[in-house]
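This note takes up selected points of the structure shown below. Please read each point with the sequence and the structure side by side.

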Amino acid sequence: MGKISQDFAPPFKLIAPFFILGSIFYLLSSLYLFTFTSDDLSFTNPQVISFTHLFLLGFVMMTIFGAMAQLVPVVLEVGHFGVELFYAIWPLLLIGTLLMVFGFLYSSALLPYGGIVVLISMMIFVGEIFLTIFKVKKLTLVMSSVLISNTFLFFGIIFGLLMALSYAGTISVDISSLLKAHIYSVLGGYISITIMGLSVVLIPMFTLSHSFSMRPLEISISTMTIAVVLAILASLLHLEVLSYIADILALGAMLVYAYLIYIIYKIRPRKENDVYAISLMFSYSSLVASILMLVVYFFMEKETYLLASMWLLFFGFFGFLITGHIYKIIPFLVWFEKFSPLVGKQKIPMLADMVPYKSSQAQFIFCAVGVIIVTIAIISQSNILIGAGASFLVMGAIAFIRSVLYMINFKG
Amino acid sequence: MAMYTKDEIFQAISTVIDPEVGFNLVEMGLIYDASCDKEGNVKVTMTLSTKACPLHQMILQWVKEAVEKLPNVQSVDVEVVWEPEWNITMADNNVKKALGA
């Protein structure tokens with residue numbers, strides 16, 4: 001086994017903190033929901049901004065960064081430039097996230113510090129990814145998506161830092177004009193394009209789908225890229241018309257992407273409905289529901305629909321897409337480290353054996369019910385339903401942490 | 001005369017199981033061809049279900065080790081090809097049935 005390269009599976013101790021912290025932040029985000037009342041539900045409310053950063057930085061980014069340590073070599077087909085750099089990323093992201101969350105809530109003086117620590121963490125990540133991409137001889141569409149998304153992340157965090165500095169009074173910039181550039185760069189440019197690129201590698205890998213056209217992916221990535229660039233220009237140049245065009249293009253990009261996933265789902269030979277499959281079904285259903293809610297918002301211009309749309313996008317689409325993939329990524333990494341050297345020598349578990357059935361199903365059911373209840377709570381402005389939804393989500397998040405720890409400590 | 005037939009080599013490789021789907025590589029239809037000369041030099045032509053398979057190198061190693069278990073095999077050359085591209089129709093019926101294809 002000496003000749004086997006470790007390029008495609010970095011040491012698990014390097015990645016484990018990302019997943020453990022990510023799942024803890026998922027629980028903290030769920031607990032945070034108990035503090036909300038219907039009166040707080042506004043995009044300008046510091047509590048909502050604080051919650052958004054807790055979920056996006058603590059759970060979404062933390063888990064994506066950990067997953068990328070393993071997925072980048074798989075997608076780019078080259079080893080990392082310096083995978084050890086990931087040891088520095090999670091502590092910085094952890095500290096930066098906490099400073100930002102508390103900063104928005106209690107003291108804006110903390111925001112510049114939080115912003116800078118997050119910036120350093122993400123610069124290390126982006127730098128490592130870029131240096132790894134430079135090793136690639138010929139870029140495919142999926143590889144290009146990694147390059148595009150990380151370029152947007154770079155700009156997204158710069159906009160974010162400028163806003164944080166201004167929020168704290170250190171510099172003076174128009175926060176409201178930079179807000180759209182920040183949101184679009186991070187959500188549309190980084191998270192969405194990363195998901196688009198990686199999912200067309202990972203989902204067919206696990207469902208064994210073949211022979212589908214990549215044209216919809218090309219269209220969705222190009223359209224989203226144009227949308228993000230236009231949104232940034234609209235923010236900087238105060239051009240309202242560009243902003244509308246960006247919104248329509250981003251919506252179109254996500255619809256084309258959803259269509260591609262539907263095609264991949266439809267032709268899949270592997271039809272078992274394990275926790276991975278049902279998590280993805282819920283995730284993409286949430287994406288469609290989020291888009292529909294956004295369309296309703298465009299016509300009615302009522303903020304609650306925009307909030308509900310974002311809620312479905314965050315906890316429904318991003319949340320379930322990430323948790324679903326965790327049930328594939330952690331077993332693979334643990335199996336690779338603990339059991340692959342034993343292949344041919346003794347009976348070893350399959351990857352599916354390493355996923356705890358009860359807690360993974362409990363996580364799915366509780367979280368799915370929680371997401372639906374909170375969506376209704378936002379639309380109906382019901383305090384009772386917010387608490388009810390949060391209760392389900394907390395139960396689901398506890399089951400998720402239990403699943404993550406079970407898989408990490410799996411002994412066979 | 002060849003030391004081992006294609007079937008005998010396939011039989012040896014059928015001990016290698018894909019840990020993700022739980023089927024062996026032969027019944028998955030991933031092994032395209034195998035031959036052995038009279039000196040015991042084996043050549044295996046195979047594919048993987050995806051180009052992005054993170055176990056790529058490991059699976060090749062397992063195939064090599066499985067064939068090396070045959071007595072008097074001198075060398076094993078495993079070549080990965082991407083044409084024809086693998087699809088589920090290449091798998092055995094029991095695999096298709098179990099997956100629900």
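**Notes on a buried methionine and a sheet**

1. Met407(A) is located in helix 12 of chain A, which covers residues 383-408. The model discussed here is predicted.

2. Is Met407(A) buried or exposed? Its C-beta atom has 24 other C-beta atoms within 10 Å. A residue counts as buried when 20 or more lie within that distance, and therefore Met407(A) is buried.

3. Which residues does Met407(A) touch, leaving aside those up to four places away in sequence? The contacts are Ile330(A), Pro331(A), Val334(A), Met354(A) and Val355(A). Tyr327(A) is 80 residues apart from Met407(A) along the chain, and their C-alpha atoms are separated by 8.3 Å.

4. Turning to chain B, the model contains an open sheet of three strands, in the order 1-2-3 and with mixed pairing. Strand 1 (31-36) and strand 3 (75-80) of chain B are the edge strands, as each pairs on one side only. From one strand to the next, the twist averages 15 degrees.

5. Strand 1 and strand 2 (residues 41-46) of chain B run antiparallel and are joined by five bridges. Within this pair, Ser35(B) stands opposite Lys43(B), a residue of strand 2 of chain B.

6. Helix 1 (residues 6-13) of chain B packs on the sheet and touches strand 1 and strand 2 of chain B. The direction of helix 1 makes about 120 degrees with that of strand 1 of chain B.

7. Helix 2 (residues 56-68) of chain B lies across strand 2 and strand 3 of chain B.

Notes
Residues numbered from 1 in each chain as written. Chains lettered and ligands numbered in written order. Predicted model: local features only at pLDDT ≥ 70, side-chain atom pairs only at ≥ 80, totals over all residues. Pairing = 2+ DSSP bridges. Helix = DSSP H or I, 4+ residues; strand = E, 2+ residues; numbered from the N terminus. Axes fitted to C-alpha atoms, helices over the stretch in contact; angles between N-to-C directions. Contact = placed C-beta atoms within 7 Å. Buried ≥ 20, exposed ≤ 12 C-beta atoms within 10 Å, placed from the backbone.
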